[in-house]
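Keep the coordinates open while reading.

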Amino acid sequence: MPNLFRGATLYASSFDHEVLSDSTLCLSHRGTVHHKIHVSKVILAGHSSYFAGLFTSSMKESQPGQREITLDVEPEDAPYFRALIQSLYTGTLTMPIATVTPLLPDPSSSSLPSSPSPLQSPSLSSSSSLS
């Protein structure tokens with residue numbers, strides 16, 4: 001698998017590490033949390049304009065002391081979502097891009113999605129070099 005980000009492996013050991021993280025992504029569906037991932041806001045915001053906006057807006061996720069970030073993700077998509085988030089830490093996507101592409105925004109779409117993808121990142125959505 002290709003390395004997506006230079007120097008990203010420096011952060012690999014902090015992925016989903018409760019002590020080294022400042023937030024928890026709570027993946028939920030219909031109000032029920034089915035998966036949690038310990039994350040760093042700095043790493044998410046550095047690689048995703050969605051997360052950067054979320055953490056610097058007036059939304060509850062930007063408030064000091066707010067540790068939980070709840071996202072609506074289908075339970076069967078949780079492993080793929082986890083792999084995408086992990087790639088922000090390691091620089092390597094551990095599964096074929098075709099399996100995670102449905103979670104990414106459609107670059108050919110002329111209309112904006114009503115709910116932006118958390119992984120709208122130029123590095124991930126410009127996946128022509130990935131296979």
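**A histidine in strand 2**

His 38 sits in strand 2, which spans residues 32–39. The model is a predicted one. Is His 38 buried or exposed? Its relative accessible area is 18%. The cut-off for buried is under 20%, so His 38 counts as buried.

The side chain of His 38 makes a polar contact with the side chain of Thr 24, at 3.4 Å. Which residues does His 38 touch, leaving aside those up to four places away in sequence? They are Phe 15, Asp 16, His 17, Glu 18, Ser 21, Ser 23, Thr 24 and Tyr 89. Two of these contacts, Phe 15 and Tyr 89, return below as an aromatic pair.

Strands of a sheet pair through backbone hydrogen bonds, in either a parallel or an antiparallel sense. Strand 1 and strand 2 run antiparallel and are joined by 7 bridges. Within that pairing, Ser 28 stands opposite Val 33 in strand 2. The two strands form a hairpin with 2 residues between them. Arg 30 lies in the turn and has a positive phi of about 55°.

Strand 1 and strand 3 pair in the parallel sense, over 5 bridges. Leu 25 stands opposite Ile 69 in strand 3.

**Aromatic pairs**

How many aromatic pairs does the structure hold? There are 3. Two of them are tabulated here.

| Pair | Centre to centre | Angle between planes | Class |
|---|---|---|---|
| Phe 15 and Tyr 89 | 5.3 Å | 65° | edge-to-face |
| Tyr 50 and Phe 51 | 5.3 Å | 80° | edge-to-face |

Why is the pair of Phe 15 and Tyr 89 edge-to-face? Its ring planes stand at 65°, and planes over 60 degrees apart count as edge-to-face.

Phe 15 lies in the segment before strand 1 (23–29), while Tyr 89 lies in helix 3 (residues 78–90). The pair therefore ties together parts that are 74 residues apart in sequence.

Ring pairs link Tyr 50, Phe 51 and Phe 55 into a cluster.

**Thr 90 in helix 3**

Thr 90 is placed in helix 3. Thr 90 is buried, at a relative accessible area of 15%. Its side chain reaches the backbone oxygen of Thr 92 at 3.1 Å.

Ser 13 is 77 residues away along the chain, and the two C-alpha atoms are separated by 8.5 Å.

Technical notes:
Residues are numbered from 1 along each chain as its sequence is written. This is a predicted model: local features need pLDDT of at least 70, side-chain atom pairs count only at pLDDT 80 or more; totals for chains, interfaces and linings use all residues. Side-chain values use heavy atoms; hydrogens and water are left out. Rings of Phe, Tyr and Trp (its six-membered ring) pair if their centres lie within 6.5 Å; planes under 30 degrees apart count as stacked, over 60 as edge-to-face and the rest as tilted. Helices (H or I, at least four residues) and strands (E, at least two) are DSSP runs, numbered from the N terminus. Buried means under 20% relative accessible area, exposed over 50%, partly exposed in between (1.4 Å probe, protein chains only). A polar contact is a pair of N or O atoms within 3.5 Å; within protein, one must be able to donate a hydrogen and the other to accept it, and residues adjacent in sequence count only if both atoms are side-chain atoms. Contact means heavy atoms within 4.5 Å. Two strands pair if DSSP finds at least two bridges between them.
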